[in-house]
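User: Could you take me through this chain and the criteria behind each label?

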Amino acid sequence: MSAAVLFVTGTDTGVGKTHVAAGLVRRLRHQGRQVCGYKPVASGCVATAGGLRNEDALALMAESTGKPDYAAVNPVALEPPIAPHLAARRAGLAIELATLDRGLDALAERYDTIVVEGAGGWSVPINDRNTYADWVAGRQWPVLLVVGMRLGCINHALLSAEAIARRTPLLGWVANLIPPMQAEWQDNVDTLRAMMPAPCWGVVPTGSDLDAVGAALAPSGHMPWADGR
Ligand SMILES: Nc1ncnc2c1ncn2[C@@H]1O[C@H](COP(=O)(O)OP(=O)(O)OP(=O)(O)O)[C@@H](O)[C@H]1O
Ligand SMILES: [Mg+2]
């Protein structure tokens, strides 16, 4: 398995992980890479004729190279929009780290680059014993932290960064200007630039489309993590 993998986490739910991950997948695809998004565990799925479907996984699928199967992008699909381990329990399941591994390893046989979106924030449980962080740290995936620029985000960003960097490489963070835009966003970004233990990859504007996300995060197109450098 030699695919480059990036794990995208966030300071909270609803901070723009999917927006950022889908933008990165699009940019990488436009560069000619065989790239796939991976959302191993998704709660908040909708029942369709084809089975349970999650909008994050569908967004990542739509940007991936070729036409990956839904189940390849989202092997664990759960209906209630609640914490994954609780959604799984309601479905009579217990999510195992090995399931996440199997899905990723299968993608890595077909793709050279994989962008993984977590669920919620860094320390979200996926079963009664493990958090997402345990899986990511076990595989030593590098991490990108999406900071949703809202009141309280400096604390959430610093706490998340400290917890991530203790266990696996924190490659960087992104300031995502989620609506409603803070009047003081620039001062908050400057504070984070000074205090975060990893570089800022860029500022994602409010209302940006996925092309603008890619341009904000990789202005030169160069993504060292994906090049293995
Ligand atoms: N820069 C932005 N400008 C405008 N809207 C944004 C921006 N970033 C995200 N959004 C919107 O905010 C909402 C939450 O974003 P997104 O779904 O990417 O968050 P998430 O962290 O992936 O959430 P979840 O924890 O549910 O996976 C979505 O409706 C998305 O379109
Ligand atoms: Mg999401």
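Analyst: Below, each label is set against its cut-offs. This is a predicted model, where local features need pLDDT of at least 70, side-chain atom pairs count only at pLDDT 80 or more, and totals for chains, interfaces and linings use all residues. Residues are numbered from 1 along each chain as its sequence is written, with chains lettered from A and ligands numbered from 1 in the order in which they are written.

User: Why is G202 called partly exposed?

Analyst: A residue is buried if 20 or more other C-beta atoms, placed from the backbone, lie within 10 Å of its own, exposed if 12 or fewer, and partly exposed in between. G202 has 19 C-beta neighbours inside 10 Å, so it counts as partly exposed. G202 sits in strand β10 (residues 200–204); strands are DSSP runs of E, at least two residues, and helices runs of H or I, at least four, numbered from the N terminus.

User: What makes the buried residues of α5 line one face of the helix?

Analyst: In α5, L100, G103, L104 and L107 are buried. Their directions from the helix axis to the C-beta atoms fall within an arc of 95°, so they line one face. Exposed A98 and D105 are on the face turned away from that buried side.

User: How do you know that the radius of gyration agrees with a compact globule?

Analyst: The radius is taken over C-alpha atoms, and the globule rule is 2.2 Å times the number of residues to the power 0.38. For 229 residues that rule gives near 17 Å, and the chain has 17 Å, so the two agree.
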